[in-house]
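Subject: Structure for your review

Dear colleague,

Please find below the structure that I am handing over to you. I would be grateful if you would look through it before reading the findings that follow.

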Amino acid sequence: MESFSVLQFLKDKTILVTVFVEKILRIQPNLKKLYLLIRARDDKSAKQRMFREVIEKDLFRVLRDTWGDSLDSFILEKVAAVPGDISYEDLGIKDSNLKEEMCRQIDLVVNVAAITKFDERYDALLDTNTMGAFHVLSFAKNCTKMQMLVHLSSAYACGEKSGLIPENSFTMGEMLKWPRQLDIMAEKKLVEQKLNQLQTTGAAEDEVTSIMKDLGMERTIDSPLIAYGKGKIDCLPVNSQTIFDLIPADMVVNSMIMAMVANANNPSSQMIYHVGSSLRNPIQFFQIHEFVFHYFTKNPYIDKYGNPVIVGKFKVLDSPAKFHKYMAVRSVLPLKVLKLVNLVLCRRFDDICNEFNRRLKLVMVLVNLYKPYMFFQGIFDDTNSEKLRRAMRESGVELDSFNFDPKSIDWEDYFLNVHIPGLLRYVVK
């Protein structure tokens with residue numbers, strides 16, 4: 001793969017796309033063209049978003065040092081910002097000449113476009129994460145030089161399986177939670193009927209959004225870590241021994257590049273790689289708890305009034321039932337009493353009631369969203385990934401440049417010096 005053209009997607013996984021684009025531009029000078037599909041109105045908007053959300057990030061400082069004032073012209077020569085959206089056929093590309101050019105030139109498609117918010121509208125999730133993947137596959141089949149399609153997914157697409165989870169594919173329509181088949185077209189029809197019904201009844205947009213989110217929760221925020229640092233939550237239902245499968249973004253990108261190289265000359269290959277840590281370098285909740293407590297004790301979050309937020313250790317409740325009992329006594333009952341007092345005193349404590357109610361809702365939403373992870377009992381087998389790492393070592397690839405071995409991660413150092421500072425600097429608003 002000395003010289004190639006690639007189609008890459010930018011949607012919600014902006015950080016991962018940024019790491020991938022920077023790495024490709026830095027290590028592969030023979031890249032012909034990188035077409036970056038961006039959800040935008042037109043060429044100008046797509047180019048502006050590309051520079052704002054990707055090229056201007058701190059990660060590009062090495063390329064800036066290398067290219068200096070010529071970096072922008074280098075970027076414009078190598079990267080084409082393409083306005084489009086994978087939710088639509090032909091990826092929503094309106095320029096027919098550009099679409100034909102892409103189909104002639106592209107020999108590699110990398111799809112990381114997905115909505116990763118747990119509380120998103122079901123119609124948006126279905127359009128992007130399901131139909132979007134179908135549209136990407138259809139577009140790739142029309143590319144005459146196509147060698148490979150690389151699709152990235154969360155490992156937790158496995159559902160609530162337990163034990164050792166192999167690197168296997170799923171059959172079309174296979175359900176991971178219910179013993180029945182999933183009919184995608186029936187799901188789309190369900191969404192359309194619900195939207196039409198809401199439109200007919202004149203439902204407000206916020207009501208439509210709420211109902212679509214509820215539908216998504218039936219069929220399938222703030223991160224608890226950050227919510228804890230802000231003092232918004234102090235308890236969680238979780239098994240302290242639960243293993244969380246975590247992997248840094250740069251290791252994901254390194255594994256993608258190595259998988260591309262390893263499979264470039266084998267177009268019939270359909271390899272699945274688990275790029276994770278749960279098998280070879282597991283980290284349990286109680287360890288994360290210690291790291292997070294240590295970090296926010298030493299570096300307290302500063303609230304909007306300029307005051308440091310003092311945190312204590314999580315109260316860990318080892319079952320959902322214990323959590324709901326705890327919340328009933330600790331929060332639900334006091335809130336009811338406060339609301340009653342507020343009514344008696346002519347709503348004098350409206351602000352306090354609203355804030356209390358908002359925090360209670362936040363905790364309950366977080367618990368409902370993250371409960372499957374807090375009690376997850378699966379371990380992700382990574383035999384294929386280990387074979388790829390072994391092949392990489394035997395071929396003499398520079399390990400430091402393309403490392404994706406989870407054994408090399410020092411979790412304490414990673415959380416205290418990389419992960420939490422990175423979230424606070426680049427993610428928290």
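A salt bridge is a side-chain nitrogen of Lys or Arg within 4 Å of a carboxyl oxygen of Asp or Glu. Please keep in mind that this is a predicted model. Side chains of opposite charge can pair when their charged atoms come close.

**Salt bridges**

The structure contains 14 salt bridges. One of them joins Glu290 and Lys313, whose closest N and O atoms are 2.7 Å apart. This pair connects distant parts of the chain, since Glu290 belongs to helix H11 (residues 285–298) while Lys313 sits in the loop between H11 and strand E10 (315–317), 23 residues apart. Glu290 is partly exposed, at 37% relative accessibility, and Lys313 is also partly exposed, with a relative accessible area of 43%.

A second example is the salt bridge between the side chains of Arg280 and Glu386, at 3.8 Å from N to O. Arg280 is found in the loop between helix H10 (249–263) and strand E9 (283–284), and Glu386 is in helix H14 (residues 383–394), so this pair ties together parts that are 106 residues apart in sequence. Are these two partners buried or exposed? Arg280 has a relative accessible area of 26% and is partly exposed, whereas Glu386, at 14%, is buried.

The side chains of Arg389 and Asp382 also meet in a salt bridge, at 2.9 Å from N to O. Both Arg389 and Asp382 are buried. Through salt bridges that share partners, Arg280, Asp382, Glu386, Arg389 and Arg393 are joined into one network.

**Strand E2**

I would next draw your attention to strand E2 (residues 33–38). How many of its six residues are buried? Six of the six are, so the strand is largely enclosed by the rest of the structure. Lys33, Tyr35 and Leu37 point one way from E2, and Leu34, Leu36 and Ile38 point the other way. The residues on both sides are buried.

Which strand is joined to E2 by five bridges? The partner is strand E3 (residues 79–83), and the two strands run parallel.

Yours sincerely,

A colleague

Technical notes:
Residues numbered from 1 in each chain as written. Predicted model: local features only at pLDDT ≥ 70, side-chain atom pairs only at ≥ 80, totals over all residues. Heavy atoms only, no water. Helix = DSSP H or I, 4+ residues; strand = E, 2+ residues; numbered from the N terminus. Buried < 20%, exposed > 50% of the residue type's maximum accessible area, 1.4 Å probe, protein only. Pairing = 2+ DSSP bridges.
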